[in-house]
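Work through the two exercises below with the sequence and the model at hand. Each task is followed by a stepwise solution.

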Amino acid sequence: MSIPLPSKMHSIIQQTASSKTLTLTTTPLPTPNHAKGEHLIQTKACCPCAGELLWPKNFPPPTPRTLIPCPDIAGIVLSAPEDSPFQPGAEVYARTNYIRPGNASEYSIAVTDELAHKPKDLSWVQAAAIPLSAQTAWQVLLVHALGGDMDLDDAQLAWAGKRVLVTAASGGVGIWLVQLATLLGAEVVGTCGSRNVELVRSLGAKEVIDYRVVDLKEWAMQSPSNKVDVVVDCVGGKSLGDAWWTVKDGGVVLSIYQPPLQVCPDGFEGEGVKDLFFVMEPVRRQLEEITKLVEKGLCRGLVDSVWPIEQYEEAFKRLDGGHAKGKIVFDLSLNH
């Protein structure tokens, strides 16, 4: 016997695309269109993403929609298309597509190709901290940086012996880049603040650089062996500009924050360097592979702090401060 659903739910709403003001209010329950692969999910936990309150202004959704934040979700399927592998009762997680409202609500919508089975031994909070960050790192390393959409075996051959510099290596995406690149056989150099050096080392980085103390240009010039095949930048700006000095001729500078050429430093004379910028897209197959890695204990997410949805203002303040170690998570499991 199914439990009757309410007609309204609590949601965090961004007031307008040009304002970062948030309010907690009630909104109608979303109605899934099963013909389009949509599932109704009872949200157990969700995660905001750094900078996402700027997205509606800078990257307006293709069709106007309610501006609900938090692209990551972990929860229970309540209704599903008949042919879906995720039937009612399934425990799932996802990074949902930007074309629809985010998941800072008691109920949300996700389509088949975004969803994956939640890693078995993780709590809702631990699971919600994974999809966006892990899939971004996966797509950096197995799709974009070396060209071609590779499986794990091919990626291990491609990355073996390569050196990679990861900026903001203790951040949400950074921790996954360090773990996955190490798993693939690359030698990882990570940058972070002094408080997080041991964390980044514990995730597999061979060398960890405190960006407040070490000048990357000077470091790169100290020895040719310091140079890297691939730079993966997670913060943009000065950090990305400085990282250009570390790449070998014929290497790759990739950023998930901004096109790298925008901050290529004056006087940089590297030859044949490829620059890349991309925005991740949710892919079910990749997230299911990540689930397997987590269940085998080969990779892990990292939760910075956990908040009830009512404390959204403090949580976003923590996020905007830029010093979270891992992900900030809203726990809605107590709301049901």
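**Exercise 1.** Which element gives the largest share of the lining of the second largest pocket?

Solution. The model is predicted: local features need pLDDT of at least 70, side-chain atom pairs count only at pLDDT 80 or more, and totals for chains, interfaces and linings use all residues. Residues are numbered from 1 along each chain as its sequence is written, and side-chain values use heavy atoms, with hydrogens and water left out.

Step 1. The volume of the second largest pocket is about 240 Å³. (A pocket is an open set of points on a 1 Å grid over the protein atoms alone where a 1.4 Å probe fits, with protein on both sides within 12 Å along at least five of seven lines; lining residues have an atom within 4 Å of a point.)

Step 2. It is lined by 16 residues, and Met 9, Pro 30, Thr 31, Pro 101 and Ile 109 are the closest to its centre.

Step 3. Strands S2 (22-28) and S6 (107-111) are the elements that give two or more residues. (Strands are DSSP runs of E, at least two residues; helices are runs of H or I, at least four.) S6 gives the largest share, three residues.

**Exercise 2.** Which strands does S8 pair with?

Solution. Step 1. S8 (residues 163-166) runs parallel to S9 (residues 187-192), joined by four bridges, with Leu 165 opposite Val 189. (Pairing needs at least two DSSP bridges.)

Step 2. Three bridges join S8 to S11 (residues 228-233), also parallel; there Val 164 has Val 230 as its partner.

Technical notes
Grid points are joined across faces, edges and corners, and a volume is the space filled by probe spheres set on the points.
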